[in-house]
Amino acid sequence: GEVRFMISEAAKQVNVESHVLDIGEEELDLTIGRTEMGHRYYTKDDIQLFCCIKKLKNEGMLLKELKTTHSRIKRKKI
């Protein structure tokens, strides 16, 4: 099966605080999986996406631009 990481482990892998993943999820309308108990879990793809977002943000891209870019990427994958 798919490897799942809880928020604290995902945040460590992205090298950010846990609340940054919360903000990213809300601001960018990301769909993050949930366990049967309602706890969020992150896949390797989710972690890779957050690493890319962090890199783009560090290069000066605004959240508004990231949201537009992410929406276009998401539509192309479908």
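The buried residues of helix 3 are Asp-46, Ile-47, Phe-50 and Ile-53. Buried here means under 20% relative accessible area, exposed means over 50%, and partly exposed lies in between (1.4 Å probe, protein chains only). Around the axis of helix 3 these residues cover an arc of only 120°, which puts them on the same side of the helix. The arc is that of the directions from the helix axis to the C-beta atoms. An α-helix has 3.6 residues a turn, so residues three or four places apart point the same way. The face turned away from the buried side of helix 3 carries the exposed residues Lys-44, Asp-45, Gln-48 and Lys-55.

The model is predicted; local features need pLDDT of at least 70, side-chain atom pairs count only at pLDDT 80 or more, and totals for chains, interfaces and linings use all residues. Residues are numbered from 1 along each chain as its sequence is written, and side-chain values use heavy atoms, with hydrogens and water left out.

The chain holds 4 helices and 0 strands. Its pattern along the sequence is α-α-α-α. Helices (H or I, at least four residues) and strands (E, at least two) are DSSP runs, numbered from the N terminus. Of the 78 residues, 26% count as buried. The chain exposes about 5,800 Å², and carbon and sulfur atoms supply 53% of that area. Accessible areas come from the Shrake-Rupley method with a 1.4 Å probe; for residues, only the protein chains shown count as cover. Contact means heavy atoms within 4.5 Å. Among contacts with a separation of 6 or more, residues 24 or more positions apart account for 52%.

Helix 3 has 15 residues, and at 1.5 Å a residue it should span 21 Å. The expected span is 1.5 Å times one less than the number of residues. The end C-alpha atoms of helix 3 are 21 Å apart, which agrees. Gly-60 follows helix 3 and has a positive phi, near 105°.

Helix 2 also has a buried side. Its buried residues are Leu-21, Gly-24 and Glu-25. Seen down the axis of helix 2, they fall within an arc of 100°, so they line one face. These buried residues pack against helix 1 (7-14) and helix 3. Just after helix 2, Asp-29 takes a positive phi of about 55°.

The largest nonpolar core has 13 residues. Such a core is a set of buried Ala, Val, Leu, Ile, Met, Phe, Trp, Tyr and Cys residues joined through side-chain atoms within 4.5 Å. Ala-10, Leu-21, Leu-30, Tyr-42, Ile-47 and Phe-50 have the most contacts inside it. Helix 1 and helix 3 are the elements that give two or more residues to this core. Leaving aside neighbours within four places in sequence, Phe-50 is in contact with Val-14, Leu-21, Gly-24, Glu-25, Leu-30, Ile-32 and Tyr-42.

The loop between helix 2 (18-27) and helix 3 (44-58) includes Thr-43. Thr-43 counts as buried, at 8% relative accessibility. Beyond its neighbours within four places in sequence, Thr-43 is in contact with Glu-2, Val-3 and Phe-5.

Charged pairs were examined next. A salt bridge is a side-chain nitrogen of Lys or Arg within 4 Å of a carboxyl oxygen of Asp or Glu. The whole structure contains 4 salt bridges. One of them joins the side chains of Asp-22 and Arg-40, at 2.4 Å from N to O. Asp-22 lies in helix 2 and Arg-40 in the loop between helix 2 and helix 3, so the pair ties together parts that are 18 residues apart in sequence. Asp-22 is partly exposed, with a relative accessible area of 21%. Arg-40 is also partly exposed, at 22%.

Asp-29 forms a salt bridge with Lys-67, with the closest N and O atoms 3.1 Å apart. This pair links distant parts of the chain: Asp-29 is in the loop between helix 2 and helix 3, and Lys-67 is in helix 4 (residues 63-77), 38 residues apart. Asp-29 is partly exposed at 42% relative accessibility. Lys-67 is partly exposed at 33%.

Glu-59 and Lys-55 also form a salt bridge, the closest N and O atoms being 2.8 Å apart. Both residues, Glu-59 and Lys-55, are exposed. Salt bridges that share partners join Asp-22, Glu-25 and Arg-40 into one network.
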